[in-house]
Amino acid sequence: MENIYIQYMYSYPHKTAYRSLEGVDLKDYGEYLKGKGHGLYLHIPFCQTKCGYCNLFSVTGQSKEAVDRYLDGVEVQIKQYREMLTAAGTEFSCFTIGGGTPLILSGEQLERMFAMVEGNLVLERNPEIVIETAPNQTTKEKLELLKRRGVTRVSMGIQSFQEEELKTLRRSHSAGQARKALQLLKGFDFSCVNLDFIYGIPGQTRETLLESLREAAAWGADEIFLYPLYVKHGAGLLKDMREGMVLEPKEAVKEYETGAGYLMDMGYRQDSMRRFVRKGAETRKFSDCGFGTSLALGCGGRSYLGSLHFCTPYAITKTDCIKELERFENTRDFTKITHGIFLSEEERKRRYVIRHLLIRPGIPENMYKQFFGTEILRDFPILETWIREGFLNRDHGFLTLTDEGMKRSDSLGPKLISPEIRKRMDEWDERHGENHDSVQRQLKKL
């Protein structure tokens, strides 16, 4: 089997396709944020250490004063947004705090963070409030704070219960610390506890992956996410690969099949290549996800308002991230949108297809026609090919990935990227040296 691990398509287009914008004012897009049902995202870009596979917007080694300066910037941003959101009657149904590692903030800083949002913006009654954490930052005191603030879902990156695998990934926690954090979490009865794991780790076997998943299931995790190991531009593991570490994508496929099969045998429902939901668990329900509106706070998150998508410039290395943080903290007018993309009708179609295809139950054919006025199989004949190849089924009005198609999500999704977006992404890679990196060329040939 060819390498099916090409690209994780959690959104479309990728941030590397964004460019500088001029003359775009957030105040002109208030209509997209009218009323209820919107998402709010706050990015906390701080971590204790940088994991070896991480190419997200995050920095390490920052002082309390540096974190406070960042929160000062977020507070200014919120207050500048408040006038427009008040006029639109905006109410957010979901508030997600991601990173980075949000719980690296002190208790005082966490209290300030929640107070800034709740004191200036309106959350719907009983909103979904989601936060990410890591074992070393999960304490009883901080969990008590989260419970008091109404957090409903806590997501913790464990990645493995095997010490050698954690060392390979350059994780800063031990398996023992992960177990201690889980014991604390179990005592607070959050509506949903999600645990993340990685497969395809050099030295990992199907049995060691199963040992980790058995332990996760025994803890009663409501959701388990299984991620294949990617080593992309800017990730620390590139150095290890240059020094001889090898990824084995064919073995990773077998590990995926073993892990997914075990979780489904244990009563977990597979909603995507990565997401497994425990039977009976009250977790997030996927709904129409092609045109949802979401507003990001802080540096590193992205906003979706109609055809306008925007964020701060994509950054991975510590130097670039620090540069963007300083730019954010010195911003005087956050309502001026200076970096993003406007989606054409074709790109909106592609986004709709990608966002639904990779999550069961799949693409609703009638809804697609209702939104765009065209037939999806005429617009995307490649879907017919995937039906013939056994990767896709037509099932009760949905185009749904088969188990074989689900396994190939990270190779099917990238085939739906438009030539224009692919060109922009390649241009970004070339500017940042990725296409000239011998390790990256090696990965592309696997």
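This is a predicted model: local features need pLDDT of at least 70, side-chain atom pairs count only at pLDDT 80 or more; totals for chains, interfaces and linings use all residues.
Me: Why is S11 called buried?
Reply: Buried means under 20% relative accessible area. S11 comes in at 8%, so S11 counts as buried.

Me: OK, and where is S11 found, and what is it in contact with?
Reply: S11 is in the segment before β1 (19–25). Leaving aside neighbours within four places in sequence, S11 touches R302, Y304, R351 and R355. There's also I354: 343 residues away in sequence, but 7.9 Å away in space, C-alpha to C-alpha.

Me: How do you know that the span of helix α5 agrees with its residues?
Reply: The expected span is 1.5 Å times one less than the number of residues. For the 12 residues of α5 (175–186) that should give 16 Å, and the end C-alpha atoms are 16 Å apart, so the two agree.

Me: Which residues of α5 are buried, and what puts them on the same side?
Reply: A175, A178, A181, L182 and L185 are the buried ones. They cover an arc of only 120 degrees around the axis, which means they sit on the same side of α5. In general, an α-helix has 3.6 residues a turn, so residues three or four places apart point the same way. The cover over the buried residues of α5 includes α3 (140–148), β7 (153–159), α4 (163–168) and β8 (192–199).

Me: What makes up the lining of the second largest pocket?
Reply: It has 21 lining residues, with C311, T312, T331, K336 and T338 nearest the centre. By type, they split into 8 nonpolar, 9 polar and 4 charged. The largest share, 4 residues, comes from β15. The space in this pocket is about 430 Å³.

Methods. Residues are numbered from 1 along each chain as its sequence is written. Side-chain values use heavy atoms; hydrogens and water are left out. On a 1 Å grid over the protein atoms alone, a cavity is a set of points where a 1.4 Å probe fits but cannot get out, and a pocket is an open set with protein on both sides within 12 Å along at least five of seven lines; lining residues have an atom within 4 Å of a point. Grid points are joined across faces, edges and corners, and a volume is the space filled by probe spheres set on the points. Helices (H or I, at least four residues) and strands (E, at least two) are DSSP runs, numbered from the N terminus. Ala, Val, Leu, Ile, Met, Phe, Trp, Tyr, Cys and Pro count as nonpolar, Asp, Glu, Lys and Arg as charged, and the others, Gly among them, as polar. Buried means under 20% relative accessible area, exposed over 50%, partly exposed in between (1.4 Å probe, protein chains only). The arc is that of the directions from the helix axis to the C-beta atoms. Contact means heavy atoms within 4.5 Å.
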